[in-house]
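Dear colleague,

Please find the structure below, handed over for your reference. A summary of the findings follows it.

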Amino acid sequence: MEKNMDFPQHFRCPISMELMKDPVTISTGVTYERKNIEKWFDTYKKKTCPATMQIIESFDVTPNHTLKRLIISWCDSRTDQNPSSVSSNSDKYEELVAILGAIETAPFKVSYLRKLRSVIEVGDDQVKEDFKRSGGVEVLVKIIVQILVENSDFSSFRACEEAFCVLRHVPFSEEDEIIPQLLTTRDCMKSMAIMLQRGSEEARFCAITTFQKLGRADYQWNYVVQDQGVDFFKSLLEILSDENCTKASPCALQVLVQVLEASKRSRLKAIEAGAVCTLIELLPDSNRSKCEKIMQLIKLMCECAEGRLSFTEHGMGIAAVSKKMLNVSNCATKIGVKILWLISSVHTKERVLEEMLVYGAVKKLVALLQIGGGLSTTREKVVKILKLHGRTWWRYPCLPGDLKNYLGLLGINDSS
């Protein structure tokens, strides 16, 4: 390494102003060359941070491996020893490394994170790859988990929010093995859950998109369900119900689908968090895409006894589902029939059957038998429902004559 190279300021030790070879971080969050800070503490007997002049209570030092890698990477890119490596870097590479170095060494990180975000946001795929290759995700994760520290302050929380905003623009998939591993550590998942609960609107959106990316990378949700439990689902449901979270809401819905499809335990936790009631209330005003996902979630929860109980006790569940059948899409209709089958096939209460008749579910079921299209399997389930409860519905005086006639064609009457 040439001593006269123009190194980024944050690669220099604040004491000697020379390039750091063995950077270590002290309790104030400032990074120094190891030999210099040890001399400051041990030889000069100082009890303050040289850069901030804060009183030091703990004199422990932590090796800053991420910054060391950044320094080595930056130096390699400035030499002629490996031209092919230099040519593969984007024109933003040196700027990225310098910003990451500043984030690692500076006690107040928000402004540098915003600068980093502006570079990543407009950068092409090569810039994003440079960011990942330079250890950028590791830097962000260190900031994200900092909010779990007992004495973390508002600036740490703001830095965490900004880190999520940067992470939103970083693509990763199942092939990026390291990134999912970094993001799915216990502390990182806890921090993401906290951000869903307490972050700004933008930070919540960025956190939920991170969960969404993890789902696409085939993340196993059992851990987060076990560790965060009901609170995790309450956070997602709150985002869904918040009219101001227009960007985050579709992402939260997709994450719910991914989580609930993963295990029965997740469905039970969601039911406990009030998901069935929340989704029923959101269903009437939902568009096609949202409607299909909401009905899929309700169907998944109705596969549990607790979910069926929550659905039938709501009062408007049957009405909301029935209204969407034959009015949205074949997919929504199929899911609606499955929901009606689940709630009417096991220990059905008289009240449930009455609501199915009063709110038009029975009429929709009969109409399904009269239409063509790719609904053959669905029609088979409809016939099962009608044969199972047709006799009960026949006895109701409010059963329309055309429905009674059609039930009669199926061999269903008051004497069947």
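**A charge over a ring**

In this predicted model, the charged end of K46 is placed over the ring of W40, at 5.6 Å from the ring centre.

**Aromatic pairs**

Three aromatic pairs were found when the whole structure was searched. One of them joins F232 and F233 in an edge-to-face arrangement, with 5.4 Å from centre to centre and 70° between the planes. F232 and F233 are both buried. Through ring pairs, F232 and F233 also belong to a cluster with F211.

For F311, the contacts beyond four places away in sequence are V276, I280, I298, C302, G317, I318, V321, I339 and I343.

L342 lies in helix α20 (residues 330-344). Is L342 buried or exposed? L342 counts as buried because its relative accessibility is 18%, and the cut-off for buried is under 20%. Leaving out residues up to four places away in sequence, L342 touches K299, C302, E303 and R308. Of these contacts, E303 is 39 residues from L342 in sequence, while their C-alpha atoms are 6.7 Å apart in space. C302 is listed among the contacts of L342 and also among those of F311.

With kind regards

Key:
Residues are numbered from 1 along each chain as its sequence is written. This is a predicted model: local features need pLDDT of at least 70, side-chain atom pairs count only at pLDDT 80 or more; totals for chains, interfaces and linings use all residues. Side-chain values use heavy atoms; hydrogens and water are left out. Contact means heavy atoms within 4.5 Å. Helices (H or I, at least four residues) and strands (E, at least two) are DSSP runs, numbered from the N terminus. Buried means under 20% relative accessible area, exposed over 50%, partly exposed in between (1.4 Å probe, protein chains only). Rings of Phe, Tyr and Trp (its six-membered ring) pair if their centres lie within 6.5 Å; planes under 30 degrees apart count as stacked, over 60 as edge-to-face and the rest as tilted. A charge sits over a ring if NZ of Lys or CZ of Arg is within 6 Å of the ring centre and within 35 degrees of the ring normal.
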